[in-house]
Each structure stands twice: as C-alpha cells, then as structure tokens.
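Here's a quick tour for anyone meeting this structure for the first time. Take a look at the sequence and the model, then read on.

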Amino acid sequence: KIKMAKITQKGMWIKISSLKGADKENYLISNACFFIGALAWGFHLASVGALGGEYANDAKTAVEFNIARICVVIFWGASIYFYSKFLSTQDELLKKYHSYMAVGGFLGFVIIGMILSLLSPYFDFKPTFYEYILASMLGILIAAFRFHKKYLSE
C-alpha cells in the first residue's frame with residue numbers, strides 16, 4: 001500500500017508524526033545517519049582548513065581524520081539507503097516533491113553558483129564549497145515554496 005507523508009511548513013518539512021511504522025523508522029534513521037555524517041564531514045573540513053583555519057599538518061596521517069572520512073562515506077551511504085527505502089513506499093506527490101527539491105538544489109548550485117563565479121573577479125571574492133552549498137540550499141528553498149504554491153496550497 002502506498003503511503004503519504006504530509007508535507008508542511010510551506011513545503012519545507014515532512015511532518016514526522018504523519019509517518020507510521022517502517023516509513024517513520026527509515027526516515028528517522030536516514031536523517032540521523034545524515035547528521036552523524038555531517039558532523040564527520042565538518043571534522044574533515046576543519047582538518048583541511050576549509051572552515052577558515054589552517055591546513056592541519058597531520059591531515060593525511062592522523063587516525064582521527066581518516067576515521068572521520070570513512071564515517072562520512074559510511075553514514076551518508078546508510079542515509080541514502082534508508083531514504084531510498086522510505087521514498088520507495090511513498091505516493092507520487094511525495095516523489096514529485098523529492099524531485100522538485102533535487103532539481104531546485106541543482107539549479108541553485110548551477111545558476112547562483114555561476115553568477116557567483118562570474119562576478120567573483122570584480123569583487124575580489126573567491127567562492128568556496130560553502131558558497132556553492134548555500135546557493136544549492138537557496139535553490140531548494142525556492143523549489144519548496146514553488147511546490148507548495150503549485151501542489152499544496154488551496
């Protein structure tokens with residue numbers, strides 16, 4: 001039986017209480033794995049100076065940095081696995097919502113990222129990974145509002 005997760009907050013969130021059984025479990029495990037992987041990713045980024053710091057002298061050899069990198073792959077892989085299990089049981093509206101968010105993130109990354117890149121020489125600004133991720137998030141935000149307006153608002 002196809003189940004429907006309720007999309008709330010003007011398209012920004014899936015209402016967890018609307019999920020039941022294995023769907024709720026898969027969704028929560030996916031999000032927990034993503035969060036743990038994100039913490040490990042932040043630890044890795046700190047080792048390579050991407051958070052405004054210096055590149056760690058032992059970034060290649062320190063056991064804790066290598067463990068963090070392995071954790072990113074394992075936990076984000078698990079997150080994708082459990083989210084795929086969750087998504088496979090949902091109705092077409094939620095699958096369409098998922099596609100809207102993915103395309104919105106891609107377009108934000110490409111369009112806003114391209115503008116950032118093209119304007120960067122004129123403002124002595126060097127966009128980094130974080131600016132492109134923020135561009136992607138802006139694209140997702142716009143897609144969520146557009147999805148809500150088109151499919152959810154009455």
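What follows covers helix packing and aromatic ring pairs.

This is a predicted model, where local features need pLDDT of at least 70, side-chain atom pairs count only at pLDDT 80 or more, and totals for chains, interfaces and linings use all residues. Residues are numbered from 1 along each chain as its sequence is written, and side-chain values use heavy atoms, with hydrogens and water left out.

**How the helices pack**

- Helix α1 (residues 21-47) and helix α2 (residues 63-88) have axes that come within 7 Å and cross at roughly 155 degrees.
- That angle makes α1 roughly antiparallel to α2 (over 145 degrees counts as roughly antiparallel).
- The α1 and α2 crossing is left-handed, meaning the near helix is turned anticlockwise from the far one by less than a right angle.
- In the contact of α1 with α2, the residues split into 19 nonpolar, six polar and four charged (Ala, Val, Leu, Ile, Met, Phe, Trp, Tyr, Cys and Pro count as nonpolar, Asp, Glu, Lys and Arg as charged, and the others, Gly among them, as polar).
- Helix α3 (residues 92-119) and α4 come within 6 Å of each other, axis to axis, and cross at roughly 140 degrees.
- α3 and α4 are therefore oblique to each other, oblique being whatever is left after under 35 degrees (roughly parallel), over 145 (roughly antiparallel) and 65 to 115 (roughly perpendicular).
- The crossing of α3 and α4 is right-handed, and its contact residues come out as 16 nonpolar, seven polar and four charged.

**Where the aromatic rings meet**

- Searching the whole structure turns up 13 aromatic pairs (ring centres of Phe, Tyr or Trp, the last by its six-membered ring, lie within 6.5 Å).
- Phe34 and Trp76 have ring centres 5.5 Å apart and planes at 15 degrees, so the pair is stacked (planes under 30 degrees apart).
- This pair links distant parts of the chain, with Phe34 in helix α1 and Trp76 in helix α2, 42 residues apart.
- Phe34 is partly exposed at 47% relative accessibility, and Trp76 is partly exposed at 25% (partly exposed lies between buried, under 20%, and exposed, over 50%, with a 1.4 Å probe and protein chains only).
- Trp41 sits in helix α1 and Phe129 in helix α4 (residues 129-152), 88 residues apart.
- Ring pairs link Phe34, Trp41, Trp76, Phe129 and Tyr130 into a cluster.

Note on methods. Axes are lines fitted to C-alpha atoms, for helices over the stretch in contact, and angles run from 0 to 180 degrees between N-to-C directions. Helices (H or I, at least four residues) and strands (E, at least two) are DSSP runs, numbered from the N terminus. Rings of Phe, Tyr and Trp (its six-membered ring) pair if their centres lie within 6.5 Å; planes under 30 degrees apart count as stacked, over 60 as edge-to-face and the rest as tilted.
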